[in-house]
Amino acid sequence: MQDLPLEGVLVLDFSQFLAGPVAALRLADLGARVIKVERPDGGEIGRTLAFAGRTADGDTLSFHAMNRNKEGLSADLKEPHDLAGVRELVDGADVLIQNFRPGVMERIGLDEATVRRTNPGLVYASASGYGGSGPWRSRPGQDLLAQSVSGLAWQSGAGRRPVPVGLSLADHLMSCHLALGVTALLVRRARTGQGGLVETSLLEGMLDLQLDRLTALLNPDLAASPSAGGAVLATADGHLAVVTTDLRRLAEVVGAPEVESVGSVLRTRGTGHWTGVLDRAGIGSAPVLGLEELLAHDGFEAIGMTQQVVRPGSLTTHGDDLVLTTTRSPIRLDGHRLRSDRPAPKLGQDDGGPGGLSGLAAAARRAARVR
């Protein structure tokens, strides 16, 4: 796709782990130029923290998936020369994303108040675990911990025992909110010329996810109404998800003599049979698939959710191209799926580019003057 909406926007990604890097990735897929800034001694911890349990060319597959479509710079923010170069780069940037512990950016002079004095158009995005104030401000911000403290684990366990969601739900949601806030402030800047600060946290994203449940609890005096019903039930060869508020109608459709015997009847036939029966009756249902089953399904192929990224042999340790299959952006614009074959950067791979850090800083300042 030509003329992506964020074409010409320069994003500096100082973040690590998941939420910040994926927010920057979402902006990159929309056309922004994203430069990942890492410490030179090993880079961000996500290079070795293997969520998916595999590595390729010295980096985890998780890092490859979260940091594709970016350039890479290394800079020691404790070293005056590097820090000065980074500050120059920030002065010419459009967006800065960071998720350091509270107080870190202030100590090195890269906090929002300081950098926007010299770059008032900068959009500053700050991600945290539990917000900038309150008793949890300095506690570790991690996905499982946010799911647990937010009440989500109890919701998933239906009040019987806590069951956290088995993936980084809080991080991924926060990446969406952060990217949305950045994009909104870029739109405002186009009107006013002023940048701004967008902040969100793992906890806020988890609370927003539960807006219906929380709203009901916050308004206990209002009359209750029937809630949407759903269940996952066993069949003869797997499991079936069913959504209905009329359990008597469900029993009638599957041929059960009473509501309590629906489960027994479903176990007499396979999932494919029951989805056909329920489809004809207008009752929502779907097979419960494992990831391996999903990848083999025609529905997965039809949505075209994968792409290949290529790290050229000139950058790999073994000298051959590294070709990885990963996911694409879930957004389609003007009928186009957003794809890019740019891989995650090697640590500091662009340090030796046109002028390295100082060259990029000068180019960013020139671009800022044009804007």
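Which residues is Val95 in contact with, leaving aside its neighbours within four places in sequence? Contact means heavy atoms within 4.5 Å. On that basis, Val95 is in contact with Val9, Leu10, Val11, Leu12, Leu122, Val123, Val182 and Leu186.

## Basis of the model

This is a predicted model, in which local features need pLDDT of at least 70, side-chain atom pairs count only at pLDDT 80 or more, and totals for chains, interfaces and linings use all residues. Residues are numbered from 1 along each chain as its sequence is written, and side-chain values use heavy atoms, with hydrogens and water left out.

## The chain as a whole

The chain has 16 helices and 15 strands; helices (H or I, at least four residues) and strands (E, at least two) are DSSP runs, numbered from the N terminus. Taken along the principal axes, a box of roughly 80 × 55 × 35 Å holds the C-alpha atoms. Of the 371 residues, 43% count as buried. Buried means under 20% relative accessible area, exposed over 50%, and partly exposed in between, with a 1.4 Å probe and protein chains only.

Among contacts between residues at least 6 apart in sequence, 67% join residues at least 24 apart. The chain exposes about 19,900 Å², of which carbon and sulfur atoms supply 54%; accessible areas come from the Shrake-Rupley method with a 1.4 Å probe, and for residues only the protein chains shown count as cover.

## Nonpolar cores

A nonpolar core is a set of buried Ala, Val, Leu, Ile, Met, Phe, Trp, Tyr and Cys residues joined through side-chain atoms within 4.5 Å. In soluble globular proteins, nonpolar side chains tend to be buried together. The largest core here has 30 residues, of which Val11, Leu27, Val95, Ile97 and Val182 touch the most other members. At least two residues of this core come from each of α1 (19–29), β6 (95–98), β7 (123–128), α8 (169–192) and α9 (202–209). Helix α8 gives the largest share, seven residues. Apart from this core lies another, of 21 residues, among them Leu10, Leu12, Ala93 and Leu357.

## Helix α1

Ten of the eleven residues of α1 are buried, and the helix is mostly covered. The buried residues include Ala19, Gly20, Pro21, Leu27 and Asp29. Their cover includes β1 (10–13), β2 (33–38), α2, β6 and α8. Just after α1, Gly31 takes a positive phi of about 115 degrees.

Asn67 is in helix α2 (residues 61–67). Why does Asn67 count as buried? Asn67 counts as buried because its relative accessibility is 0%. The side chains of Asn67 and Lys70 are joined by a polar contact of 2.9 Å. A polar contact is a pair of N or O atoms within 3.5 Å; within protein, one must be able to donate a hydrogen and the other to accept it, and residues adjacent in sequence count only if both atoms are side-chain atoms. Not counting residues up to four places away in sequence, Asn67 touches Asp13, Pro21, Lys36, Glu44, Pro343, Ala344 and Pro345.

Ser340 is in the loop between β15 (336–337) and α16 (356–370). Ser340 counts as buried because its relative accessibility is 18%. Leaving aside neighbours within four places in sequence, Ser340 is in contact with Asn69, Gln307, Gln308 and Val309. With Asn69, the side chain of Ser340 makes a polar contact of 3.1 Å. The C-alpha atoms of Ser340 and Glu44 are separated by 23 Å, and these two residues are 296 residues apart along the chain.
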